[in-house]
Amino acid sequence: MTDFGDIINAIGDFGPFQKWLVLMLSLTNFLTAFPMFGQVFMVLDVPHHCKTSWIYAISPNLTEEQQLNLTIPRNTQGSYEECLMYTPVNWDIDSIVEYGLNVTKKCQEGWVYSSEQNPTLVTQFDLVCDRKELNDISQSVYMVGLLLGAVVFGSLSDRIGRRPIMLLSMLIMGAFGVGAAFAPNVYVYMVLRCLVGVAVSGIFIGILALGTEWVGVPYRSHPVIASHCCFSIGQMVLAGLAYGVRNWRLLQIAGSAPVFCLFFYIWVLPESARWLVTKEKVDEAKKLLQKAASVNKRTISPKLLDQLTAEKKVTSGNILDLFLKKRLRKVTLVMAYVWFVNSLVYYGLSLNVGSFGLDIYLTQLVFGAVEIPARFGCIFLLQWFGRKKCQTFFLLLGGAMCLIITSIPKDLPVVITTLAVIGKFAIAASFSISYVYSAELFPTIIRQTGVGLCSMSARMGGIISPLIGLLDKYHPAIPMAIFGSTPVLAGILGFLLPETRGKELQDHMEEAKESQWSSENGHLKLKDGDRDVGHTRITHV
């Protein structure tokens, strides 16, 4: 039986067929930037004060300024308190003016916002004062959706295929994303956001599988990096969209509805031929491979295709196999922690885009722009230096930047933002590398389960990330100290992983268990005991 890598080489490692596929996957990933970060612009701080209409029952002719002076206390800076009011009394207006009110309490009747303020999540659902924590909770609920999506779609993609998972996830993301714009209260909004998160996770998993399984070894990083670059461009476009559309409901619709423009994917998005072979759907795989060869203007030998019929019966893997087999256990534990750290720090920096002291729209634009060279540069760095060195370097660099920020005074916002941008650059690169690296470390038959588990770990980091910011009330340096120390540890653990540059994807767990890959002087060897049984291009027999 021929190696599937030889088939891909015969139809073209990265021809027009694969380029069109990467373009389709990249367009989908471009649209995921909005559900990921759009809420940041819907919960901006809005000036507000307690609603104190009770005093109009006593004196209906008061001006707004008189009402505020009589019913709202002032803080130490001389401005009105946003979350406190004077306790209502049954006095006449002259007594209130003469003696004043001294007893305060929390807002009882709601809040008042500027009449010039465009509707936001904050003003729509009163996410201020004691309810302000619902902002972070809502973002964490979305991350829970990403976690659930990793759990469900990771193994499901291995069982029913990459294509149906992608199409279903796109439908869910569009339907519930638009539906969130009509949420009657914040709790319905959270539920819908959670479902969108489930869909986004399914899209991420589908992009990784389809992208890596259709291209040859020299170009395996290209689909992932290209789709991630489009995600970064999506972040830049989000900054402009949010700046121009300030009404949160319209912004929600504008950011969610475009996915329906990709409905034609139903007819053009291909399944993974490699996955079809592992599931013994050889005839379907042959048709897809012949179509790909035709698009690439290549001729594939019928004899080569016929060798696919010799594929042995495949035993579906499950999550336990990741821990029962020694090599997979080490890879799984280390990569799960790397994904956790990437997500923790990436979202820790991204969701606090408005806290670095500069304009939030400009900072978001810069944060998106800096990711493009970070991700695109990985295409060349991974080829030159390999996966292992790049992964560990960027983790250590990102951690170092966050640790340096802890020693910078807050009155130097430009310095802090610059270091944060470098940290975002490093973590974005590390995130892209981990996608490529993970897809190469796990065998095909359990690849999506392994990547799904890593994605679950990443989503746990995403859930925790918004909550770490709450620790700054104990000391301002604690959040950044956490965001700095965890990637440093991950970078050190990365040295335990094997290098996968230039190696064929493994299809079965038996290969990972019984075979030992090595790289000597740029040539690949498969060792069986002390005997070399192949080199450079491996054919499994």
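Which exposed residues does the face of H14 turned away from its buried side carry?

**Entry 1: the model.** I noted that this is a predicted model, in which local features need pLDDT of at least 70, side-chain atom pairs count only at pLDDT 80 or more, and totals for chains, interfaces and linings use all residues. Residues are numbered from 1 along each chain as its sequence is written, and side-chain values use heavy atoms, with hydrogens and water left out.

**Entry 2: confidence.** I looked up pLDDT, the predictor's confidence in each residue, from 0 to 100. Its mean for the protein is 81, and 89% of the residues reach 70 or more. Over residues 511-541 pLDDT stays under 50. For that stretch the model has 50 contacts (heavy atoms within 4.5 Å) beyond four places in sequence.

**Entry 3: helix H14.** Helices are DSSP runs of H or I, at least four residues, numbered from the N terminus. I took buried as under 20% relative accessible area and exposed as over 50%, with partly exposed in between (1.4 Å probe, protein chains only). The buried residues of H14 are Val282, Ala285, Lys286, Leu288, Leu289, Ala292 and Ala293. Seen down the axis of H14, they fall within an arc of 170° and so line one face of the helix; the arc is that of the directions from the helix axis to the C-beta atoms. I found that these buried residues pack against helices H1 (4-11), H2 (16-31), H13 (273-278) and H15 (302-306). To settle my opening question, the face turned away carries the exposed residues Asp283, Lys287 and Ser294. Lys297, which follows H14, has a positive phi, near 60°.

**Entry 4: helix H20.** I recorded that 23 of the 29 residues of H20 are buried, so the helix is largely enclosed by the rest of the structure.

Notes: Helix = DSSP H or I, 4+ residues; strand = E, 2+ residues; numbered from the N terminus.
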